[in-house]
Amino acid sequence: MMNIPENPYLLLTPGPLSTTKTVKAAMLRDWCTWDDDYNSLVQEIRTELVKLAGVNQTGYTSVLMQGSGTFAVESVIGSVIPENGKLLVLANGAYGQRIATIALYLKIDYLVYDAGELDRHDPDTIDAILGNDKTITHVAVVHCETTTGMLNQIEEIAEVVKKHNRIYIVDAMSSFGGIPIEMEKLGIGYLISSSNKCIQGVPGFGFVIARKSLLEKCDGNARSLSLDLFDQWQTMEKGNGKWRFTSPTHVVRAFRQALTELEEEGSTEIRFHRYLTNQRILVIGMRNLGFETLLPDKLQSPIITTFISPESSAFDFQEFYNKLKSHGFVIYPGKVTDYQCFRIGNIGDIQSSDMENLIEAIAASMYWK
């Protein structure tokens, strides 16, 4: 078998992210989508995802969907909301707004409560919206809004959604597997994530963990053939792991390896503390170098952090990016509307020593000083 080369840099992004050599190596074998060995692998993944969500196999199921995480989000929005349904989107960044855009494209009735990019949603306001509009059937929120690094308070929102007996959709794209989520306790009907985030696989499919009693009612709702979540689920159930259309076989096998490595690390809680330690090393080091975070610590997730760009007229993000890349680190440009900023993630196969080395590389790359 060929040697897996060393990566020339670490990806300090919210996904794709740096993966282990063993995850990469898992992709070196070819698989047949009709073969029982492969389909059994898919079934193992589906079972493990439900376990990872802390719910039981009787009441919950998981569905894998080809494409990026947004494909999985669109499969939910387009498949679970009936023709006479209405979606309340809780947005405070680009990914919340993307859910609203999906609803717009699919001609689904929707309402947006935009808290602004630097704030969380007020539960009393959500309560008033749901109390005043009985036509709203579903509520969707992004758990970790990677536009800024905001961690939204899905627990407080859950209480309001349950009070009004609406269906709760959580986009946990950048949090599932890296931040503990009590799906059943929070009454989450649909939880969405992706292969290339906190479980530390590679890009190629998203997945949905759903309450069976809700998903069973979705037959005929889908606005798309390829993104029909109900039909994908039924095919996987009846075909023992068979996908309707060609699946990303190598990615699936890598994801199975990534799930094994998450189990070997110990738990989502342990991974969460590793990410949290990484993020604190990053923030303390950056502040010591004179950088400011966009968000206060109380709103910040342990996944990705936004930093305000230096005020110096000599600062250019692309030049800063290139210098850091030459030191072995790749960061993200900013995505916030009203601020010049950049983002640094700390998930993936990243250890505290990597974050310490990053701070040294940033200090050496501050050419504008």
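Trainee: Which strand order does the open sheet of four strands have, and in which sense do the strands pair?

Mentor: Strands of a sheet pair through backbone hydrogen bonds, either parallel or antiparallel. In this predicted model, the open sheet of four strands runs in the order 11-12-15-14, and its pairing is antiparallel. Strand 11 (292-293) and strand 14 (332-333) are the edge strands, since each pairs on one side only.

Trainee: How many bridges hold strand 11 and strand 12 together?

Mentor: Two bridges, in the antiparallel sense, link strand 11 with strand 12 (residues 304-308). E292 has I308 in strand 12 as its bridge partner. Helix 10 (residues 268-288) packs on this sheet and touches strand 11, strand 12 and strand 15 (341-345). The direction of helix 10 makes about 10° with that of strand 12.

Trainee: Are strand 3 and strand 4 parallel or antiparallel?

Mentor: Strand 3 and strand 4 run parallel and are joined by six bridges. A91 stands opposite D114 in strand 4. With helix 4 (residues 94-105), strand 3 and strand 4 make a right-handed β-α-β unit.

Trainee: Why do the buried residues of helix 5 line one face?

Mentor: An α-helix has 3.6 residues a turn, so residues three or four places apart point the same way. In helix 5 (residues 123-132), the buried residues are P123, I126, I129 and L130. Seen down the helix axis, these buried residues fall within an arc of 120°, so they line one face of helix 5. They pack against strand 3 (86-91), strand 4 (109-114), strand 5 (138-142) and helix 6 (154-163). The face turned away from the buried side carries the exposed residues D124 and N132.

Trainee: What are the backbone angles to look out for?

Mentor: Most residues other than glycine have a negative phi, and most peptide bonds are trans. N165, in the loop between helix 6 and strand 8 (167-171), has a positive phi near 55°. Q200 is not a glycine either, and its phi is positive at about 75°. Q200 lies in the loop between strand 9 (188-194) and strand 10 (205-211).

Trainee: Is N165 buried or exposed, and is Q200 buried or exposed?

Mentor: The cut-offs are under 20% relative accessible area for buried and over 50% for exposed. N165 has 69%, so it is exposed. Q200 has 6%, so it counts as buried.

Trainee: Which residues does the cis peptide bond join?

Mentor: The cis bond joins G15 and P16, with omega about 5°. P16 sits in the loop between strand 1 (10-11) and helix 1 (21-25).

Methods
Residues are numbered from 1 along each chain as its sequence is written. This is a predicted model: local features need pLDDT of at least 70, side-chain atom pairs count only at pLDDT 80 or more; totals for chains, interfaces and linings use all residues. Side-chain values use heavy atoms; hydrogens and water are left out. Buried means under 20% relative accessible area, exposed over 50%, partly exposed in between (1.4 Å probe, protein chains only). The arc is that of the directions from the helix axis to the C-beta atoms. Contact means heavy atoms within 4.5 Å. Two strands pair if DSSP finds at least two bridges between them. A crossover is right-handed if, with the strands pointing away from the viewer, the path from the first strand over the helix to the second runs clockwise. Axes are lines fitted to C-alpha atoms, for helices over the stretch in contact, and angles run from 0 to 180 degrees between N-to-C directions.
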